[in-house]
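Hi everyone, thanks for coming.

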Amino acid sequence: MDVQKHSVHTLVFRSLKRTHDMFVSDHAKSVALDEERNPSEGGVHSMALALPPSQARHDTSRTGASVSDIHRHAGGAERSHAHSTSLMEGGGTRNSALTRKAPTMPKPQWHPPWKLFRVISGHLGWVRSIAVEPGNQWFVTGSADRTIKIWDLASGKLKLSLTGHISTVRGVAVSSRSPYLFSCGEDKQVKCWDLEYNKVIRHYHGHLSAVYDLDLHPTIDVLVTCSRDATARVWDIRTKANVHTLTGHTNTVATVRCQAAEPQIITGSHDSTIRLWDLIAGKTRVTLTNHKKSVRTLVLHPRQYTFASGSADNIKQWMFPDGNFIQNLSGHNAIINTLAVNSDGVLVSGADNGTIHMWDWRTGYNFQRIHAAVQPGSLDSESGIFACLFDHSESRLITAEADKTIKVYKEDDTATEESHPINWKPEILKRKRF
Amino acid sequence: MGRRKKTSNALAVQVDAEGKIKYDAIARQGQGKDKVVFSKYTDLLPKEVLNEDTPELQKPDEEAVKELTEKTRLALEKQVSQKIAAAMPVRAADKQAPAQYIRYTPSQQGVAFNSGAKQRVIRMVEMQKDPMEPPRFKINKKIPRGPPSPPAPVMHSPSRKMTVKEQQEWKIPPCISNWKNAKGYTIPLDKRLAADGRGLQTVHINENFAKLAEALYIADRKAREAVEMRAQVEKKMAQKEKEKKEEKLRELAQMARDRRAGIKSHGDKGDEARERDEIRHDRRKERQHDRNISRAAPDKRSKLQRDQERDISELIALGMPNPRSSSEAQYDQRLFNQNKGMDSGFAGGEDETYNVYDQPFRSGRDMASNIYRPSKNIDKDAYADDLDTIMRTSRFAPGKEFSGADHGQRRDGPVQFEEDPFGLDKFLEEAKQHGASKRPSTSSRSKDDYHDKKRRKE
């Protein structure tokens with residue numbers, strides 16, 4: 001981690017702020033507002049602009065910096081935003097009719113660290129995708145050696161190998177409504193396997209190029225696949241008909257997710273946009289252009305109405321149904337291939353260089369970084385994570401890696417809050433431009 | 001009012017509730033007014049970290065979800081059925097919905113319209129669809145795609161500018177193959193070897209090489225020393241030997257000298273005897289000497305013999321005078337007794353004369369003897385004396401002969417052909433005589449005519 005270089009006044013200011021937060025802040029008391037500034041713009045300006053140097057020096061010269069000044073200039077963006085909106089509502093009266101929310105930084109929830117506990121090898125090529133069976137007995141992996149392997153979850157032993165694809169298997173999904181396994185590959189094929197007979201029973205024909213990802217709708221018998229031909233296609237499972245072709249992206253659609261609530265389909269693409277689709281009409285509802293680099297992965301929170309997207313520049317969290325931007329999770333400076341989220345609020349991001357970062361979903365605090373060693377016999381450069389997934393009990397994290405292994409992680413039971421303390425240093429001045 | 005409005009695609013400036021200009025109308029041009037488009041700066045700023053229980057973060061309740069699911073499912077089913085309608089079997093025609101009645105109040109009222117009535121009742125019936133009807137419209141025509149929806153505003157800062165240093169870091173040198181050179185470029189040697197990675201690896205030499213070299217050097221030196229020493233010792237030995245030999249020789253010489261001088265300690269022969277012995281010894285020695293010389297150089301001739309065999313030009317070169325002294329002028333004998341006199345040579349300009357040779361190649365006296373004449377004894381030479389017996393052998397006569405073989409007599413001369421063996425000429429003559437009663441013609445004449453004709457043809 002690089003030490004960020006700050007100017008002297010920034011450091012002094014921050015230490016003052018910390019002291020104030022710890023000892024002085026009276027949350028019940030309201031704060032006097034500066035009337036001269038335009039209330040709605042004021043918050044915006046304080047966020048956008050750097051701390052005006054003259055003001056800062058002025059502040060530090062006065063030993064007893066007033067609380068109001070600190071509050072005014074400590075432009076935590078989230079506070080000012082709420083600030084400005086509440087001001088607008090209140091009509092800008094001076095008095096304490098507006099009680100602001102306490103300007104505390106929320107403390108991240110403590111999560112036990114995760115450690116590697118099993119390495120499963122058996123594939124002869126990169127392991128590209130994972131899916132876990134609804135009953136949590138076994139999981140499926142698709143690999144670059146064109147096979148699909150079914151492994152027992154508890155023991156890690158191979159149960160079955162399925163062949164049929166003629167190129168890398170990029171996506172697998174197990175249906176919870178019928179005994180089907182769906183797989184898609186770089187050979188433009190989307191196959192439906194009947195698990196009672198272990199045979200392919202259906203092909204969904206229509207994609208013009210490699211199919212990168214697929215997802216099943218939780219309540220309707222519909223399959224959505226996304227491909228390198230910049231489209232996502234909605235298929236009726238039973239009739240194999242291509243119900244909708246979702247066009248609009250201008251580059252490979254790398255990831256697709258389905259949910260029962262609106263918007264029902266979310267896609268992320270290499271043109272760095274995310275689109276939220278209306279499944280009934282087959283049209284885009286919202287386009288999110290916040291990312292700067294290709295969006296390679298999406299994940300929907302299991303209990304909240306939010307989702308996260310991962311790209312090489314940042315991981316961003318968004319709200320449904322309109323895709324309002326919540327926050328950035330920055331720190332994982334690598335090409336993020338996969339995201340997975342837990343009901344406890346643990347977000348896992350796996351990157352192309354083999355590193356895994358564990359985040360607290362709510363605050364965006366990165367509490368752990370793992371870089372597992374490669375399988376003996378592999379080069380060090382052959383470390384990369386292509387897919388990661390929590391099993392249905394949410395206690396095991398399964399990752400599909402580039403050194404042809406599947407690694408299973410579990411929480412470290414011996415760790416406590418004291419042994420692995422939270423080291424939370426939030427950015428006070430959000431001077432970064434997004 | 002009166003002026004015709006020229007159509008332009010400029011948007012009218014719109015103002016929102018607070019009086020601020022809505023600049024995002026540009027981004028919302030072709031879309032419905034309730035479409036979600038993020039265009040404000042605040043949209044890309046992170047929000048406050050919310051507590052988990054806030055209502056904004058909660059998923060919609062199950063009923064809403066179920067409703068949505070149902071709606072979606074029906075819509076999708078309709079789509080699917082349309083798509084696979086062609087594959088479905090022909091069924092009996094669907095029963096249409098019952099007729100609808102609509103009460104319609106036309107806008108134009110009056111006595112003339114609608115025969116005075118104020119309202120009309122219209123019965124709406126769905127038209128029957130023929131179940132066997134093939135599709136009415138061709139849908140295989142390819143038409144270009146319509147314009148896409150307007151692009152969404154970009155919600156991030158533009159990418160950072162590339163510095164020259166960073167661009168240089170990513171520079172990839174062109175590939176210079178060690179095998180192919182399609183365009184036949186001439187590439188300097190340092191560029192050809194650039195990709196080899198020669199400078200990247202440090203060469204590790206095992207230290208045992210140095211040890212080996214040292215050991216060899218030491219061994220070499222030691223060997224040289226040993227050889228030198230040995231040589232020196234040998235030289236010393238040889239010198240000693242030589243000295244010894246010299247001593248011996250000196251002694252012998254001394255002895256001989258003493259003996260010659262006559263100082264002898266033993267054996268007096270007498271003076272005269274001694275003298276005679278000495279003379280004999282000397283003469284023997286001389287004879288031996290001469291014999292040796294003659295044996296050694298037998299080619300050595302006496303001076304006189306040498307001079308006699310010299311060529312005249314050599315004698316001239318050596319300056320020795322002519323051995324024969326004759327006053328007459330001497331002529332080359334080849335010049336005498338020749339045929340040609342004054343008129344030899346040109347022959348008067350005649351071209352046709354064949355005068356390349358003036359003498360026959362070989363005179364006749366030689367030719368007779370050179371012509372091959374077989375002698376009577378040739379057979380004897382070839383076959384020895386057995387010629388008669390050989391001729392009479394019946395070794396090569398076949399024991400059995402072919403049936404019908406002609407016992408031809410031995411021929412002495414060329415083959416004699418029989419005149420008319422099969423009697424064809426006679427037959428032809430008879431035929432002519434019999435057939436040619438109209439034109440009688442003698443056989444001889446016809447023959448003559450035939451021969452004449454033949455001759456004329458030739």
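Let's start with chain B, which has 12 helices and 2 strands. Reading chain B from the N terminus, the order is α-β-β-α-α-α-α-α-α-α-α-α-α-α.

Before going on, a word on conventions: this is a predicted model, local features need pLDDT of at least 70, side-chain atom pairs count only at pLDDT 80 or more, and totals for chains, interfaces and linings use all residues. Residues are numbered from 1 along each chain as its sequence is written, chains are lettered from A and ligands numbered from 1 in the order in which they are written, and side-chain values use heavy atoms, with hydrogens and water left out.

How much of chain B is buried? Of its 458 residues, 5% count as buried, where buried is under 20% relative accessible area, exposed is over 50% and partly exposed is in between, with a 1.4 Å probe and protein chains only.

Of its 12 residues, the number buried is 0, so H11(B) lies largely in the open. At 1.5 Å a residue H11(B) should span 16 Å, and its end C-alpha atoms are 16 Å apart, which agrees; the expected span is 1.5 Å times one less than the number of residues.

Now the surface. Patches take residues with over 30% relative accessible area and no salt bridge, joining like charges within 9 Å and nonpolar side chains (Val, Leu, Ile, Met, Phe, Trp, Tyr) within 5 Å. A salt bridge here is a Lys or Arg side-chain nitrogen within 4 Å of an Asp or Glu carboxyl oxygen.

One positive patch includes B:Arg259, B:Arg260, B:Lys285 and B:Arg287. Helix H4 (208-261) and helix H5 (271-296) of chain B each give two or more residues to that patch, and H5(B) gives the most, with 6 residues. B:Arg287 is in helix H5 of chain B and counts as partly exposed at 49% relative accessibility.

There is also a nonpolar surface patch of B:Val13, B:Val15, B:Ile21 and B:Tyr23, together about 440 Å² of accessible area. B:Val13 sits in the segment before helix H1 (62-83) of chain B and is exposed at 63%.

Finally, chain A: A:Asp412 follows strand S28 (405-411) and is buried, at 17% relative accessibility. A:Asp412 and A:Leu116 are 296 residues apart in sequence, with their C-alpha atoms 9.1 Å apart in space.

Conventions. Helix = DSSP H or I, 4+ residues; strand = E, 2+ residues; numbered from the N terminus. Areas by Shrake-Rupley, 256 points an atom, 1.4 Å probe, with all protein chains shown as cover. Lys, Arg positive; Asp, Glu negative; His and termini not counted. Charge placed at Lys NZ, Arg CZ, Asp CG, Glu CD.
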